[in-house]
Amino acid sequence: MSSLRDSIANWALRGGAGNADQNDGENTDDTASAPLGPPLTEDEMRDRRLARIAAMEKQQAESENMQVETRTASDNTDGVQDMEVDQVGEKKEPPQKKEMTPQKDPPKAMSPQRKKKRAKETTPADASRKLQRKKELLLKKVLQVSTQDDSQCDVIPVEEINVQTVAEILATRLSLSGWDLKSVSPQQRELIPYLASSHKKAAEELKNLKQSKGNTEELEELLIEIQKQVVSYAASSLMEPDLFEMGKDGTTQLAKAFMNGTTDLASSITFGVNGSSSSFYHCLCEELMLQDQQVFLRVIRDTVAYLTKALSNCETISDGGTEGGLVIVSALTAMCGHKKAAVAVAQLPNFLLPPADSPQAQERVTPPPPTLPPDATPQQAQLFRFMQAMNRGNNGYMKRSGPALDKETLLGLVMRLGYPRDNPAVTSSFGNIMNQSMDSVDKIVHSHQRQLRTYQDTINQLIRCLITAGADARNQVMQWIADALLLNTHATAMRPDPSKVSSTATLMNLSVALLKLCEPFMSKESKAALIDPGFVSSEKDHKGVYTTTGDDAVPRLGENPTPPSDPYKPKNSFIPQCFYFAARVLSFGIVPLSSFQYNLLRNISHHHWELRNRNADVRSDPNLQRLMAMQRANEITLYAEEMVADTLRFCNRMAGTLLKMDDDQLCLMPEFFVDDICSILQHMAKMKPELLNGADFRNVFQMVVKLLSPKYAHMVRNYNLRAKLGDVLYEVFLPSDDGGRRDVPASVACDPLAGGQTYLLSDTSAQETLAPSLLLLYGEVEHTGYYEKMTHRANIASVLKYLWDSTEHRQAFRRITQNKDSFIKFANGIMNETNSLIASIMEKLPEIRTSQLQMADSQQWAALTDEQRETISGRLEEAEQDVKRALPLCNKTLQMLGYLNTDEDIRNLFLLQEMCPRL
């Protein structure tokens, strides 16, 4: 039965009885008896059925049109009907009856759902046209071209859009000159931005197609081919710049594309729809390396050259606008996101300075002298010659020096930007600083600090991209850092020579970068355990940074320590390298900068005092304005919160590392490790105590107690350093009294593991050794200088008073009575100090009173010459400073003498025959 049904279907779809319309007059028996042919497949049967339905619908439409025309003609005759008139001699044939295809059953009325379903069915020709229209839309959206007339796109006529014609379409589009393009967007008129945009659009469309339903295989293949051809043409254009007019400056376009991507992420060539590995830049690098490795290196070199040339024109972070330092460094970071590109950047000739033993290192770079403008006035010409005479001694710099590091190397150009305190553009941003409120000036400082932090974060990303690119690039970066440390050993001087050392901004930015590299092992003890102290004794590994010989020898804690016999074999070589390089750069960066800030404040105070004595207008003095602006400009870099927090965390980690060393290793450690910790903590406690909030200094406290103890007194031979250890106890760990003596947060001095009790009272080692250590230190600071010892002893006396009031330390105080000779030395020191202070105060007080009376008598004061008034004012200031230093120490010394004698054993020693005459 099924075979009979199939035969009928085949007969009907091949024409069946419907063939009678085409075979009128022929023998129908022959047609009926003709063979049916091979059976039709289901697809063929469906196609024939659709064709028959389309033919019937067309025939019905034509019939309806004929009826409409006939009805219209009948209406135009005004009711007059045509009469049939036989022409003479013409035979009239009877009308033929039209044969219709027999139907077995009358057609049934179709339901609305059936009609809707049949309306969706299209012919293969319609499907093909629909697919072509989709391809046309994709070309218009991705490549901005059209195969038909379009007012918004460039017209590129092709017979068919498919995978084979993509290359032809793209080549035709790239061959058009700028004037022939309908698009006016600059992005569409340059080859690299246009191809990058097309690549990204194709990736987005491809992602959308894969998420959609339906058969989109041919469209996906088209988009994949567009991506391949886009990258291929970009690589070809960079290899042959004359290939297309649009790409004659391809490397410049690539550099600008990197820069534009930093401000407009939507146009970034390094961001891919499916990750960075799918980006246009990543695919371009892979294509260039596949075709020609040398061309890839040339493209990287030329692109970096364009960026560094733009970077050399910037002096501060704010310079340059859309081509400023932040944009350029972000572009370099984006370029180094590809590891092969990062390796190529690290191998560039200008990445490192010439080696120390090379002839190039001895060459001198002399900047060309400025020329006088032709339209200069005589006064300007005279000033110009004066400036030339002043700069005559400036003979440039050596090719291997700090300035060369800043100006001749890639990382130096990146690191040197900041907010220099002597740059007019920076100081002028504060305006008339003396007439502004503190809040407005603070807002300016904080605004600059936010920009500085953004720039330093970008530097950190660049350094990280280079280091993670592989061993070759990492070694180049660490060699550059080693050169920076070797060339800036004189940066610790009071007034560093600018022709020998790098700028402050370079050293501070390098400090921040190294602190960020140390961040992973700052808080994790498992990684901190990999900090091998043998690094500082391995000349090969530290590259001379911690040398013990020559002019740049680094002093050690121990005297003539014995080098380790075992070779340096760390478990991880990178962690000790980062850690100890970071420790070294802090002594060139934040430590001298904080010292400069302290001296600058003293200079401002003195200048202000002079202006007041002369009754001058303080607010309008230009020199004071300049000094104040310089001070606030210095604070932008010095007191950046994140940098300070990282530095304090590093100090605590360094102290913890020193605590874990045995005595032999500790002797080999550089002395500046301890010195820098003390200097940084003291400065922040005095100048910016609020930045200490939340910091943990447990390791620092334990290190101070250990190094002050009698066991290690022989190791720390520097009396100034031992005095600093006592000052740290006073400035950081001594709780503030009720009078609000200091603004250091109370949490800094408290041990969270001891229920909030202070470290001075809760630490067991402090309970045993600290009191005797401070009594010994009280006498040792005699060697630090006349004025310095007063401050040190006043601080020590305050800490001793706090320890005496606690029961935890009372036993330690009694131990000093066990050594009679040591106690007599200490007691004689107190007596000598007390007598000296009282004598000094009684001598200075009358001088102060005399000078005050002279200045109070206006007539007598006016009768003196300016020189005499200046001399009297200077003596008065000096006397007042002496009394201010001596009087607090005198009071504290007498108080210490009083509370020590409350203990019977100590009082008996003071009543010895040797001491009674002194008392």
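**Ground rules.** I number residues from 1 along each chain as its sequence is written, and I use heavy atoms for side-chain values, leaving out hydrogens and water. Because the model is predicted, local features need pLDDT of at least 70 and side-chain atom pairs count only at pLDDT 80 or more, while totals for chains, interfaces and linings use all residues. I take helices as DSSP runs (H or I, at least four residues), numbered from the N terminus.

**Entry 1: α30 and α31.** I looked up how helix α30 (residues 698-708) packs on helix α31 (residues 719-733). The angle is about 145 degrees and the axes are 10 Å apart. Axes here are lines fitted to C-alpha atoms over the stretch in contact, and angles run from 0 to 180 degrees between N-to-C directions. α30 passes α31 in a left-handed crossing (near helix turned anticlockwise from the far one by less than a right angle; clockwise is right-handed). From α30, I noted Val700, Phe701, Val704, Leu707 and Leu708. They meet Arg722, Leu725, Gly726, Val728, Leu729 and Phe733 in α31. Contact means heavy atoms within 4.5 Å. These residues divide into nine nonpolar, one polar and one charged. In that scheme Ala, Val, Leu, Ile, Met, Phe, Trp, Tyr, Cys and Pro are nonpolar, Asp, Glu, Lys and Arg charged, and the others, Gly among them, polar.

**Entry 2: cover on α30.** How many of the eleven residues of α30 are buried? Ten are, so I call the helix mostly covered. Buried means under 20% relative accessible area, exposed over 50%, partly exposed in between (1.4 Å probe, protein chains only). Arg698, Asn699 and Lys706 are among the buried residues. The cover includes α27, α28 (663-667), α29 (672-687), α31, α32 (759-762) and α33 (764-780).

**Entry 3: α9 and α11.** Helix α9 (residues 217-239) packs on helix α11 (residues 280-291) at about 60 degrees, with the axes 9 Å apart. The two are therefore oblique to each other (under 35 degrees is roughly parallel, over 145 roughly antiparallel, 65 to 115 roughly perpendicular, the rest oblique). The crossing is right-handed. On the α9 side I found Val230, Val231, Ser232, Ala234, Ala235, Leu238 and Met239. On the α11 side I found Phe280, Cys283, Leu284, Glu287, Leu288 and Gln291. By class, the contact has ten nonpolar, two polar and one charged residues.

**Entry 4: Leu170.** Is Leu170 buried or exposed? Leu170 counts as buried, at 1% relative accessibility. Leu170 lies in helix α6 (residues 166-175). Leaving aside neighbours within four places in sequence, Leu170 contacts Leu143, Tyr194, Leu195, Gln229, Val230 and Tyr233.

**Entry 5: aromatic rings.** Rings of Phe, Tyr and Trp (its six-membered ring) pair if their centres lie within 6.5 Å; planes under 30 degrees apart are stacked, over 60 edge-to-face, the rest tilted. I count 18 aromatic pairs by this rule. Phe579 and Phe650 have ring centres 4.9 Å apart and planes at 35 degrees, so the pair is tilted. This pair links distant parts of the chain, with Phe579 in α24 (residues 574-586) and Phe650 in α27 (residues 641-660), 71 residues apart. Both are buried. Phe672 and Phe673 have centres 5.0 Å apart and planes at 80 degrees, so that pair is edge-to-face. Phe672 is buried at 11%, and Phe673 is buried at 3%.
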